[in-house]
Amino acid sequence: MLRRASIEDLDGLQRIEDVCFQDRRFRRELLEWILRNARALALVEEAEGRIRAALLLLFEGRVGRVLSIAVEPKARRRGIATRLMFAAEDAARDRGCGIVRLEVGTANLAAIALYRRLGYGTEGLLPKYYSWGEDAFEMRKVLERPPDVPHVSVASVPIHSSR
Ligand SMILES: CC(C)(COP(=O)(O)OP(=O)(O)OC[C@H]1O[C@@H](n2cnc3c(N)ncnc32)[C@H](O)[C@@H]1OP(=O)(O)O)[C@@H](O)C(=O)NCCC(=O)NCCS
């Protein structure tokens, strides 16, 4: 079941971060901030009462920004990330966004393949974007039925660089 997360899901979100990102995980304080922030949205996929995947989205005006997506290893390659991304795009559309954007490490071939398949295009390279020195690609997708504003330029604040 795919649903919106609430503050009660903080431990479940933390577990997914620990399992999927280890020492590059988001801090618990950031997860809590996202869960309590009206400009952010956390989506989770749950099976038998256990969260096995999560997506974190930030609304930046007319742009939805995917901060993180993670599926626990044993649940991968079953389309869960794809469903989460579609749900995030729906949520962004509902909030009046015309674009979804994200940053992804240039070595993260699985995530890049996922995003490309969903129609995300590479916008540019962000050298040493992450705190451990890895470069990132900025990727974005124009959503169908865009609202009035066709293009919004957004500064790249390196939220991911803490990971
Ligand atoms: C990237 C990630 C979220 C994908 O989750 P998933 O649920 O396995 O993805 P899906 O099943 O929806 O995959 C959809 C498509 O993406 C591509 N893809 C996904 N994982 C892939 C991999 N390891 N290698 C190559 N292509 C891959 C494939 O085209 C796949 O379709 P297919 O299975 O029919 O070939 C998952 O591997 C993950 O959690 N990785 C660790 C966390 C991470 O790096 N997150 C992204 C940065 S925040």
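Colleague: How many helices and strands does the chain have?
Modeller: The chain has 4 helices and 7 strands. Bear in mind that the model is predicted.

Colleague: What pattern do they follow along the sequence?
Modeller: The pattern reads β-α-α-β-β-β-α-β-α-β-β.

Colleague: And what share of the residues count as buried?
Modeller: Of the 163 residues in the chain, 48% count as buried. As for contacts between residues at least 6 apart in sequence, 63% of them join residues at least 24 apart.

Colleague: Helix 2 next. Which residues there are buried?
Modeller: Helix 2 covers residues 28–36, and L30, L31, I34 and L35 are buried in it.

Colleague: Why do they line one face of the helix?
Modeller: Looking down the axis of helix 2, the buried residues fall within an arc of 140°, so they line one face. In general, an α-helix has 3.6 residues a turn, so residues three or four places apart point the same way.

Colleague: What is exposed on the other side of helix 2?
Modeller: E29 and R36 are exposed there.

Colleague: What about the side chain of R117?
Modeller: An N or O atom in the side chain of R117 is 2.9 Å from an oxygen atom of the ligand.

Colleague: Now aromatics. How many pairs are there in the whole structure?
Modeller: The search finds 3 aromatic pairs. One of them is formed by Y129 and Y130, with 4.9 Å centre to centre and 85° between the planes, which is edge-to-face.

Colleague: Are Y129 and Y130 buried or exposed?
Modeller: Both Y129 and Y130 are buried.

Colleague: Which residues do ring pairs link into a cluster?
Modeller: Y129, Y130 and W132 are linked that way.

Colleague: Last one. Where does the charged end of R95 sit?
Modeller: The charged end of R95 sits over the ring of F59, at 4.0 Å from the ring centre.

Key: Residues are numbered from 1 along each chain as its sequence is written. This is a predicted model: local features need pLDDT of at least 70, side-chain atom pairs count only at pLDDT 80 or more; totals for chains, interfaces and linings use all residues. Side-chain values use heavy atoms; hydrogens and water are left out. Buried means under 20% relative accessible area, exposed over 50%, partly exposed in between (1.4 Å probe, protein chains only). Helices (H or I, at least four residues) and strands (E, at least two) are DSSP runs, numbered from the N terminus. The arc is that of the directions from the helix axis to the C-beta atoms. Rings of Phe, Tyr and Trp (its six-membered ring) pair if their centres lie within 6.5 Å; planes under 30 degrees apart count as stacked, over 60 as edge-to-face and the rest as tilted. A charge sits over a ring if NZ of Lys or CZ of Arg is within 6 Å of the ring centre and within 35 degrees of the ring normal. A polar contact is a pair of N or O atoms within 3.5 Å; within protein, one must be able to donate a hydrogen and the other to accept it, and residues adjacent in sequence count only if both atoms are side-chain atoms. Contact means heavy atoms within 4.5 Å.
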